[in-house]
Every structure is written in C-alpha cells, then in structure tokens.
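Here are some notes to read alongside the model. Keep the sequence and the 3D view open while you go through them.

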Amino acid sequence: MLDQGAQVSLARPDAAAPAGPARVWRPSLAGVVTALPLVIALVFTLPIAAILLHLLLPAEGAAAHLATTVLPGYALTTLTLGLGVGIGVTILGTATAWLVTLCRFPGRSVFAWALVLPLAVPGYVMAYAYTDVLQFAGPVQTALRGLFGWEAGDYWFPQIRSAGGATMMLVLVLYPYVYLLARTAFLEQSVCTLEVARTLGCSPWASFRRVALPAARPAIVAGTALALMETMADYGTVAFFGVQTFTTGIVRAWLSYGDRVAAAQLSAVLLGIVLAVVLLERHSRAQARFHHTSARYRFLPAYRLRGARAMGAVLACAVPVTFGFLLPVLVLTGMALGVDEPGRLGRYAELLRNSFVLGGITAALAVATAIAMAYGARLKPSPATLTANRLASLGYAVPGAVMAVGVLIPSAAVDNALDGWMRATFGVSTGLLLTGSIAALIYAYLVRFLAVSFTAIEASLGKINPNMDGAARVLGCGPLAAVRRVHLPLMRPSLLAAGLLVFVDVVKELPATLMMRPFNFDTLAVQAYNFASDERLAEAAIPSLIIVGIGLVPVILLSRTIARSRPGTAQGLP
C-alpha cells in the first residue's frame, strides 16, 4: 500500500492541480511600519524642495530689486550677527559650565539650574524688556540725566535698537545651549585624565585648557551650532530693533511685496547659510570620539575657590542669570502690573487657548510621527530607512520664515488645484482648506520641530534591549502590540519630555505663525509682537510673561536631567 507521498509522486505529470482559493496579496504590518520612514521623509522634505526649485526661476520684480539693492546688506548683517552671537555664547556657556561643574563656591548649587532659566525667555521678549529700560525715555537714561543734569545730546549712550543690541539679546537667551551641552560633557569626563594632568604639574586652569576643554569640544561646537541656527531663524528681535537680516527680508517679500519667488529665493540663500553651519559643525567634530575605559565612576575633583576667585565665580554666574532672566522678568512684571485693562482678560484667554491648541496638536503628532520613524528604523535598520529619518529631521535647521515659505507654496498650489477641480466638477468652491485653516500651520510646525521629538525618542528607544522585541514576538505580540505593551511604557518619560519640548517651541515660534496664521487667529507670540510693533510695550508684557511661564517647566526639567547625566549619580555622586 502506497502512502500519500507515493501517490502524489505516481500521479501523471500532466494532471491539473486542484484549483484552490485565489491568493490575495496583503502587505504585512511590519512592512508598512518599515516603509513609514520613507513616506514621512518624502512628505517632510517637500517644503525644502519647493524652495530649492524656485532657484531655477528667473528673478523678476521684487526678487531682482532685492538682489541688486539689499541682498549684500542682508548677508553682511546676518553673518556679523552670527559671528557675535557665536563668540558670546561659546565663552559664556563654556565658562559657566566649567565653574558650576568642577568648582565649589557660594551659590554653586543654585547657579547650576538657574543658568538654564534664560532659555525660557524668547529673544523678542528680551528685546521688549530691555527697550523699555534702556531707551531715551526709560528709567536708566532718565536717572542719568537727573543725576548729572544732562540734556539730550550732552552724553552718549549705547543704542539698544541696533545690531549690537540684537547680538546682546541673543547671547543672553542662547548661551544655555552651550552651557547645557558643555556641562553634560564635563560631567561625563573621566576623573583619571584630570588626575593625570594634576600629577604632571597642571594647575586647575591648565588642566581645563589642555584636557577638559579638548574633550568637551564636540559638545561645545554642537551647542554653538544650535545657537547659530536659532540666530539665523530669529525674526522678532531683529525686526523690533530694525536690523535687516535674511529673515526680515523674507517676511517683507512675502507679506509686503506678495512676491513668492523673491521670498523663496531669499529663503534658499538663508537655507544655504544654515546648512553650511551644520556641515561646519559636523566637520569640526570629524572622527573625534571620547570613550570611558572604566565602568567605575568616582567623584569629580572639586576645586574650592576662596576670596577674590570665589567672588569672581559668583559674579560670572550671576551676570547671565540676572540680565538674562531676573531683570527681564521683573521689568515685564512691572509693566504688566501697570496695565489696567480687565476687559482684555477674555482676549488673553482666547490667545492662550489658540496657543495651547496649536502646541498640543503639534506635540501629539510630532511624538506619534517620531515613534513611527524610530520604530521603523528599529525593525529594519537599512541605509534607506536611516537616511530617510535624517532627511525628515532636517527641518529643525530651517528657520521659521523659510519653513513658512516652503509650506505655503505647495499648500497654496494644492488649495487652488482642489478648488478648481471642485468648481469644474461639482460647481462647489472648497476655499482655502489648507492655507485658510491651521492645517498648513501645523504642518509647518511639524516639519520644523520633528527633530526635537525624534532625537529624544530615538535615544530612548535605543536603550531598550532588542531581546525584548524577540520575547514579545514569542509571546504572540505583533509589531503594534509590542510597541503598545512593551516599548511605550518604558519610554513614557521620554515621550512626555519630547512632547513638552515641542509644545514650548510652538508656543514661542513667531515668524512661521505670523506668516501662516488664519485670519483672526492670533497666538500669544503674535499678540506680543503686534503690541510691541505699535510701541505698546506695557500691553506686550502680559502675553510675554505667559510665554516665559510656559517655558519654565521644561527648562527646569531639562536642568534636572542634565544634573543627573553622570553615571553613578544614583549612588550619590554629584
């Protein structure tokens, strides 16, 4: 008797196989997840592609006029501003980070977190406060005239509304980028190298200059690059001070001239400058790497300062905190208390609601998109997926005004095409579905700030042992179930931090909001700018203070995280 296998082998070769149900191809869930980074990269690089394509168009009208008249001035002012800010934040951030990390002096523990507070104050808010204090009719010049009996023209006083004033404002609000990264690098450095330097006869200053500073150079350069990108992206400070940069030119070309070609071509030039800064930062690091060779972590050496040195350290840390946070907040509070307009409380509640709606929706979408990108790369870490994630994260290097132009061009084209098709087919007008609502604005925010959430989520996901993925699969969890039941609970703190950082960035964002907001839809940032533009600084103080208050929470949390970044802190290391 033949078994079933033998029977099959004896069947005639020309016998037709029994017909079965037709097999329908269905994409696997894992395949969809791994393809998401490619789709996201395509969608998120569209604004940059739209800007670059306008370089191929001939310069006409406002574009030709700007190129022959003000473009050299824009370039010179932007580069001068970047040079001043770069030098200022590097010196201030590195010096204060070294002092609070490896020196002991009165107030050090307070300064360790207080030095981060200026990060909660947007540059344009700082400009409003100092203009009220330092202008001709302000308290400083008024007191000087009363004290010395001077009249107008009898004395010289620095002009706050100038490129130098804008540089000072931006240094005060951006040095925490360098401070945070430099302090992290100093906290993670090896005690052994410092001890060897002291054994070889190096003084504390020499060990800092010859050992600690070179080891922290990649972090310092990265912090300076972030500050430079924020400088290139700033609009509120330079516009309020009357400083002509690429950002002010882009906004003027779009809102005043209505020339999208001029705005796009100026945006392309500024984008090239920003990308040059990014490439310079990457090149400066080259292949430099610094690794710990021991799993044992000890207390960092403490250089106790006394006398004049201790007072110098206190002064060096107190100056940026005082002028970068305390004084502006006190000035704004004084101006806000002088405003007697209870009828505006409803208006401020509406502005706060609008800001929270934009920030909340963007933060939720940014976190969800970042999870899809990071998990897709984890499932299939191919070069294409990793490249797609890097391309989708380029938006953070793009200034808000540039991003607004890049989003408005394709969004307006889609609105016009859809409206034309609906009119021709159904006789119905759809209006401006994207540019007439907050949809296009949220899209611009997402492209701009996705990197903020992606960086935090990618780092958090990378700390989860890949063996846990395999264990989840063995227990019957698919990709989505593994994310929901394993990864998300472990990543909860990072998810909250990423969402909070995106939320605060959206609340503070000015140029993109100013250019893309729908009619009769203002935010706290736009209202503060409008009041300040009309020289109504007292009214601008209230929304400015609310913005600062919102920004304080993530700043303090970030400072606490940095303070605990050195391995071994859980065991009592400082």
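The numbered points below go from the whole chain down to individual residues.

1. First, the ground rules. This is a predicted model, so local features need pLDDT of at least 70 and side-chain atom pairs count only at pLDDT 80 or more, while totals for chains, interfaces and linings use all residues. Residues are numbered from 1 along each chain as its sequence is written, and side-chain values use heavy atoms, with hydrogens and water left out.

2. On confidence, the chain has an average pLDDT of 79, and 80% of the residues score at least 70; pLDDT is the predictor's confidence in each residue, from 0 to 100. Helix α15 (residues 307-337) has the highest mean, 92, and helix α1 (residues 4-10) the lowest, 43. Residues 1-15 stay under 50 throughout, and the model gives them 2 contacts beyond four places in sequence. Residues 291-297 are also below 50, with 7 contacts beyond near neighbours in sequence. A contact here means heavy atoms within 4.5 Å.

3. Now the overall build. The chain has 24 helices and 2 strands. These are DSSP runs numbered from the N terminus: helices are H or I with at least four residues, strands are E with at least two. Of the 574 residues, 48% count as buried; buried means under 20% relative accessible area, exposed means over 50%, and partly exposed is in between (1.4 Å probe, protein chains only). Taking contacts between residues at least 6 apart in sequence, 82% join residues at least 24 apart.

4. The accessible surface of the chain is about 27900 Å², and carbon and sulfur atoms account for 66% of that. Areas come from the Shrake-Rupley method with a 1.4 Å probe; for residues, only the protein chains shown count as cover.

5. Val428 sits in the loop between α18 (400-426) and α19 (439-462) and is partly exposed at 42% relative accessibility.

6. What does the side chain of Thr425 reach? A polar atom of that side chain lies 2.8 Å from the backbone oxygen of Trp421. Thr425 belongs to helix α18 and is partly exposed, at 42% relative accessible area.

7. How many salt bridges does the structure hold? There are 5, counting a side-chain nitrogen of Lys or Arg within 4 Å of a carboxyl oxygen of Asp or Glu. One of them pairs Arg423 with Asp419, with the closest N and O atoms 2.9 Å apart. Because these two are 4 residues apart in helix α18, about one helical turn separates them. An α-helix has 3.6 residues a turn, so residues three or four places apart point the same way. Asp419 is buried, at 15% relative accessible area.

8. Another salt bridge joins Arg161 and Glu535, at 3.0 Å from N to O. This pair links distant parts of the chain, 374 residues apart: Arg161 is in the loop between α8 (139-148) and α9 (163-187), and Glu535 is in the loop between α23 and α24. Both ends are partly exposed, Arg161 at 28% relative accessibility and Glu535 at 44%.

9. The buried residues include Leu524, Val526, Tyr529 and Phe531.

10. Asn520 is in the loop between α22 (511-516) and α23 (524-533). Its phi is near 60°, a positive value in a residue other than glycine, and Asn520 is exposed at 76% relative accessibility. Asp522 forms a salt bridge with Arg517, with the closest N and O atoms 2.7 Å apart. Asp522 is buried at 13% relative accessible area, whereas Arg517 is partly exposed at 26%.

Methods: A polar contact is a pair of N or O atoms within 3.5 Å; within protein, one must be able to donate a hydrogen and the other to accept it, and residues adjacent in sequence count only if both atoms are side-chain atoms.
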